[in-house]
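Me: Please take one part of this chain and go through its surroundings closely. I would like to know what is packed around it and what it pairs with.

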Amino acid sequence: MKYKAIICDLDGTLLNEHHTISEETKETIRKVVNSGVKFIIATGRHHNDAITFKDMLELDSFLITSNGAKVHDYNNKEIISHNIPAHLSKELLNYNYNEKLHKNVYLDEEWYAEKPLEDALLFHKESGFHHVIAPFQSLVGKEITKFFFICDDEEHISELEKKLRKQFNEGLNITLSLGSCLEVMREGVSKASAIEEVLKAEGIDLKDTIAFGDGLNDLEMLSSVGKGFIMGNGSPRLKALLPENEVINTNAENGVAKKLQEIFL
């Protein structure tokens, strides 16, 4: 079967261990796209960050960012926006968080944090996109695109996940992109929901697509497309939840490129 579209996550999937796209992967995607197959990025990153990789691959396609909360068209114009309502955003901004958690917000064109985190910036060296330091109280009253929390101690992340799920049993979608990163979007927002809207615009059926991912924020996407592939370095929880999905090589081994070569070239 010749698939018509490929949907691919960035961190831990398309990007290698150096947080960039290898030359093998670039060349493979160029060949596949030139054969008439659509390649669509679907990431948790901010659109001002992810566009760097869309340009790097010279893609003529939609761009899905903030785990589906934002979609930009071929000309990088925003066409879909699903923000967290201001009243819920206020509760999250005022929440009493563990001081060891690094708190982050995507709002409009910016990425806000209350204090710097140099390790996080390593993930964004290609784009140069960086956080603006601002007190979260200054953001109260705004509709937030996405909250995310980073901590090397995964126990703190796990504890926060449980507490937020208990307190906010409706209105939010809470998920993990990495064991060390918890992400919060508006209820109903996911990569899968955005993909459905994008594919409808493209006139492509879900069964005619494949997807690649590594984190729990890829769960809905990988379970809804025609065939979903999990990276070898992917989340153990993701693999356990999708036992029928094929596990491929790791991102450090150019797993996406290898599988695309096998399927299309």
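Reply: A residue is called buried under 20% relative accessible area, exposed over 50% and partly exposed in between (1.4 Å probe, protein chains only). The model is predicted, with local features needing pLDDT of at least 70 and side-chain atom pairs pLDDT 80 or more, while totals for chains, interfaces and linings use all residues. Residues are numbered from 1 along each chain as its sequence is written, and side-chain values use heavy atoms, without hydrogens or water.

Start with Asp 49, which is buried at a relative accessible area of 0%. Asp 49 belongs to helix H3, residues 47–56 (helices, H or I, have at least four residues and strands, E, at least two; both are DSSP runs numbered from the N terminus). Seven of the 10 residues of H3 are buried, among them His 47, Ala 50, Phe 53 and Met 56. The buried residues of H3 pack against helices H1 (10–14) and H2 (23–34) and strands E2 (38–42), E3 (63–65) and E4 (70–72). After H3 comes Glu 58, with a positive phi near 55 degrees.

The side chain of Asp 49 makes a polar contact with that of His 124, at 2.4 Å (N or O atoms within 3.5 Å; within protein, one able to donate a hydrogen and the other to accept it, with residues adjacent in sequence counted only if both atoms are side-chain atoms). Leaving out residues up to four places away in sequence, Asp 49 touches His 124, Ser 127 and Phe 129, where contact means heavy atoms within 4.5 Å.

Rings of Phe, Tyr and Trp (its six-membered ring) pair with centres within 6.5 Å; planes under 30 degrees apart are stacked, over 60 edge-to-face and the rest tilted. Lys 146 lies over the face of Phe 148, 4.8 Å from the ring centre (NZ of Lys or CZ of Arg within 6 Å of the centre and within 35 degrees of the ring normal).

E9 covers residues 146–150, and five of its five residues are buried. Lys 146, Phe 148 and Ile 150 point one way from E9, and Phe 147 and Phe 149 the other way. E9 pairs antiparallel with strand E6 (102–107) over five bridges, pairing being at least two DSSP bridges between strands. Four bridges join E9 to strand E11 (181–186), also antiparallel. Phe 148 is the bridge partner of Asn 104 and of Glu 183.

Val 184 touches Phe 147 and Phe 149, and its other contacts include Leu 92 and Leu 164.

The whole structure holds eight aromatic pairs. Tyr 95 and Tyr 97 form a tilted one, 4.8 Å between centres and 50 degrees between planes. Tyr 97 also pairs with Phe 149, again tilted, at 4.9 Å and 35 degrees. That pair links distant parts of the chain, 52 residues apart: Tyr 97 in the loop between helix H4 (86–93) and E6, and Phe 149 in E9.
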